[in-house]
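Please keep the sequence and the coordinates in view while reading.

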Number of protein chains: 2
Amino acid sequence: MNEIYLGIDLGATFIKVGCFDSKLNLLAKTSALTEAEKQPKVIIDNIAEATEQAVAKAGFSINDVSAIGLGCPGPAKYSVGIIEAAPNFPTFKNTPLRQMLSDRLSGKTIVLENDANVACFGEFVAGAGKGVKDMVFFTLGTGIGGGIVSEGKLLRGSGGNAAELGHIIICPDGRLCNCGQKGCAEAYASASNTAKRATEAIEAGEKSTLKKVLDEKGQITCKDVYDHLKAGDELAKKITDETAEALAVLCINVLHTTEPQRIVFAGGMIAAGDILLNRIKDYFNEQIWKLKKETVEICFATLGEDAGIIGSAALAAETPV
Amino acid sequence: MNEIYLGIDLGATFIKVGCFDSKLNLLAKTSALTEAEKQPKVIIDNIAEATEQAVAKAGFSINDVSAIGLGCPGPAKYSVGIIEAAPNFPTFKNTPLRQMLSDRLSGKTIVLENDANVACFGEFVAGAGKGVKDMVFFTLGTGIGGGIVSEGKLLRGSGGNAAELGHIIICPDGRLCNCGQKGCAEAYASASNTAKRATEAIEAGEKSTLKKVLDEKGQITCKDVYDHLKAGDELAKKITDETAEALAVLCINVLHTTEPQRIVFAGGMIAAGDILLNRIKDYFNEQIWKLKKETVEICFATLGEDAGIIGSAALAAETPV
């Protein structure tokens, strides 16, 4: 009989669930609203219902499921399944998410993991990381999330909170990050902070075609910045160069730490395309040491939004129960 | 019968060899001059002779040895046992060190590893890392070497050159490092560069009691800087504060990458004692994020110069042959 694996991606807005066979082929997929502002019980009911729907859609029942993986925002005590606090889930406070969900799903064992880590592992097993054993992964969104695979295994760290790569400090006493540190890579190079730096520059009087966007829409997005870069705006070039340089420094720093063969970027900002990727590579090649030739590949993720459900199912499949 | 393990530490000046029992108790120890400027054959003869002496001193012969570990400077192709080039070994050029030494030692298998990695592993199994599973290690000398243990295993990276932690960039476009990068932690916070920054400040006209040392001896050492700090010199305070801050940023960056439980500093500079350690901890506590409380311990190594021979023997003992 085929083994069935479930991967759940718990986001602040949507819950996504994928039902997979043992070769990680997708059999069925569902999504539902998270209602993150409600009580834990409601959120967990929403997850359980979306999960049951996915299993039913694939033609199975929850009793046929071999293992369940769940990716959720951190920091958390993943090994014991407890969310201490999560910025976008105001009612979660030392919430035993794993146990509560398991109780709703016939007592099935659930593997809980950080959301960036499961997306990383998804890309590793089925996407841009295929064929390598050592990989580093960055998601470029509101923040910068990270994941590390070392010798084929997700690197979890002593407390399950390794690979918070956006909070690597690249500029001591630099920009204040939401985390409380100064000079984090995230404070410069996330999609939100790329847009924010452009906004600050315009408000400080720098000339740019982006000023019209700011005046008309009241805000600038990262997509606006890259659109105006393509149209030749000088400020957009300066801002995106700074973003690419910060990301190149991040690449150098993780190379000298876990020495991946491949570095994979994901998240909304990669929609900017080659204009972003090539600039990161240019800065990397310019700034990397000359002691030995480095052959690490820098590329974009290929699975899009499915990385999370694939990765959490894959993690569940390899975790001994 | 007891199993016998050998640990060899190949430095630019001295070769050290330790002969251990299966519980890593030291049975005998030898050292010899490396003669690093001579041909590979001479250097390898020196290693082999020191090794045979250590085994004989312990009352065994080379045929009684279960495994041999050898720590040597990188970068190198450790997995195939070849030193491509090493700054302090001018005659090494794609030298098959492992095979050549094995031929001299009755064909025994030799595990080749980076010198900072073996010192890290030595501290992990028998020194400051005892009792934890995840550790990061820094040596503060001419450069800054590094080692990472993750889930009880040395993290080697895709090409065996992981944990080049001194070359994490903490200040883009900052001080030029010997490696060719700008702004490496090593360019600020190694023992040599701490002394060098003091020298530069005095040459630029800053007032300090260190000026007399520079005038009389023609150079300033890191030890001079810490001695004058203890005597109340203001420039020495500024220079050592910058060193401690750079090291604290390194600690934060590795914490957010592999999440160790313990961070261990070794090397000549730790002779400065608590005045250095406490300053690193102060900066760490001041600058670390506030998202969650971090409990990583920052401490000094305890094995001194024996870390390399213990670590290489321990690595050999755990590597399947």
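**From a loop to the interface**

A:Ser106 lies in the loop that joins helix H2 (97-104) to strand S5 (110-114) of chain A. The model is a predicted one, and in it the phi of A:Ser106 is near 55°, a positive value in a residue other than glycine. Most residues other than glycine have a negative phi. In chain B, B:Ser106 occupies the loop between helix H2 (97-104) and strand S5 (110-114). B:Ser106 also has a positive phi, about 55°, although it is not a glycine.

Five strands of chain B form an open sheet with mixed pairing, in the order S3-S2-S1-S4-S5. Strand S3 (26-33) and S5 of chain B stand at the edges with a single partner strand each, so one side of each has no neighbour in the sheet. From one strand to the next, the twist averages 15°. At the S3 end of the order, strand S2 (residues 14-20) of chain B pairs with S3(B) in the antiparallel sense over seven bridges. Within the sheet, B:Phe20 stands opposite B:Leu26 of S3(B).

Helices pack on this sheet. H2(B) touches strand S1 (4-10), strand S4 (65-72) and S5 of chain B, and its direction makes about 145° with that of S5(B). Helix H10 (residues 307-318) of chain B lies across S1, S2, S3, S4 and S5 of chain B. The direction of H10(B) is at about 130° to S1(B).

The area buried between chain B and chain A is about 3400 Å², with 58% given by carbon and sulfur atoms. On the side of chain B, B:Thr257, B:Glu259 and B:Trp289 lose the most area to chain A, together 17% of what that side buries.

What kinds of polar interaction does the interface of chain B and chain A hold? The rule finds 22 residue pairs in polar contact across it, both residues at pLDDT 80 or more, while the count of salt bridges between chain B and chain A is zero.

Conventions:
Residues are numbered from 1 along each chain as its sequence is written. Chains are lettered from A and ligands numbered from 1 in the order in which they are written. This is a predicted model: local features need pLDDT of at least 70, side-chain atom pairs count only at pLDDT 80 or more; totals for chains, interfaces and linings use all residues. Side-chain values use heavy atoms; hydrogens and water are left out. Buried area is the accessible area (1.4 Å probe) that two parts lose on being put together, summed over both. A salt bridge is a side-chain nitrogen of Lys or Arg within 4 Å of a carboxyl oxygen of Asp or Glu. A polar contact is a pair of N or O atoms within 3.5 Å; within protein, one must be able to donate a hydrogen and the other to accept it, and residues adjacent in sequence count only if both atoms are side-chain atoms. Helices (H or I, at least four residues) and strands (E, at least two) are DSSP runs, numbered from the N terminus. Two strands pair if DSSP finds at least two bridges between them. Axes are lines fitted to C-alpha atoms, for helices over the stretch in contact, and angles run from 0 to 180 degrees between N-to-C directions. Contact means heavy atoms within 4.5 Å.
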